[in-house]
Amino acid sequence: MTAADSAVTPAADAPARRGRPGYDREGILTVAVQLFNEQGYDATSVSDLARRLGLAKSALYHHFSSKEELLSVALEAALGGLEAVLDDPRAVEGAASDRLRHVLTGATDVLVAQLPAVTLLLRVRGNSPVEQAALERRRVFDHRVTALVADAQAEGDVRDDVDAAVAARLLFGMINSVVEWYRPGGGVDGDRLGADIVRIALEGLRTS
């Protein structure tokens, strides 16, 4: 992959090119995330994406300045959704076990709604500043969930003979595994998936 494949910005005085009808910014992003998930972000060049779309690279650069911007926008869809779940009043008010239930259900709903973007997030390895920033936000998210598990343990609603960080990792290991087998329109109802996961997960953690 050449430097031109990673980040090229059209000249300021060049006329804007919109590319083939039907591929707006959102459409390009959708195809890019699909391709990143298929063959890996690092292994995908802008030339690969242009070929998949049937567009000239200049048409892509009308919408996105670089491959890194495509990645950043996609990861924001996943991370922003997950962070919004933790910032919801239902995640910060009331009994800790109820807040934990909301977070687990909400996180699963985000995964179902943003399946390609969350899949991409889970495959990030920190090989670029964009990926490193995403991993840091994931760490903050994990720490907040761990604190919530610890609060539920302190209130006596969740068993405390399991380390809170381990419990949080196992809970989200279950949720994150959904990207490997859930397919929209398949036999699993995505609308009830979060409730099903919470039922299975929390019943095993309850003290009574």
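In this predicted model, begin by selecting Arg137 and Glu83, which form a salt bridge whose closest N and O atoms are 2.7 Å apart. The pair links distant parts of the chain, with Arg137 in helix α9 (residues 129-154) and Glu83 in helix α5, 54 residues apart. Arg137 is partly exposed at a relative accessible area of 26%, and Glu83 also counts as partly exposed, at 23%.

Stay in helix α9 and select Glu136 together with Arg139, which lie three residues apart, about one turn of the helix. Their salt bridge brings the closest N and O atoms to 3.0 Å; Glu136 is partly exposed at 41% relative accessibility, and Arg139 is partly exposed with a relative accessible area of 41%.

Next, select Arg159 and Asp161, a salt bridge with its closest N and O atoms 2.8 Å apart. Here Arg159 counts as partly exposed at 33%, whereas Asp161, at 56%, counts as exposed. The model has eleven salt bridges in total.

Finally, select helix α2 (residues 25-39) and helix α5 (residues 67-87), which pack at an angle of about 90° with their axes 10 Å apart, and which are therefore roughly perpendicular to each other. To see the contact itself, show Arg25, Ile28, Leu29, Ala32, Val33 and Phe36 in α2, which meet Lys67, Glu69, Leu70, Leu71, Val73 and Ala74 in α5. Coloured by class, this contact has nine nonpolar, three charged and no polar residues.

Definitions and conventions:
Residues numbered from 1 in each chain as written. Predicted model: local features only at pLDDT ≥ 70, side-chain atom pairs only at ≥ 80, totals over all residues. Heavy atoms only, no water. Axes fitted to C-alpha atoms, helices over the stretch in contact; angles between N-to-C directions. Helix = DSSP H or I, 4+ residues; strand = E, 2+ residues; numbered from the N terminus. Parallel < 35°, antiparallel > 145°, perpendicular 65-115°, else oblique. Contact = heavy atoms within 4.5 Å. Nonpolar A, V, L, I, M, F, W, Y, C, P; charged D, E, K, R; others polar. Salt bridge = Lys/Arg side-chain N within 4 Å of Asp/Glu carboxyl O. Buried < 20%, exposed > 50% of the residue type's maximum accessible area, 1.4 Å probe, protein only.
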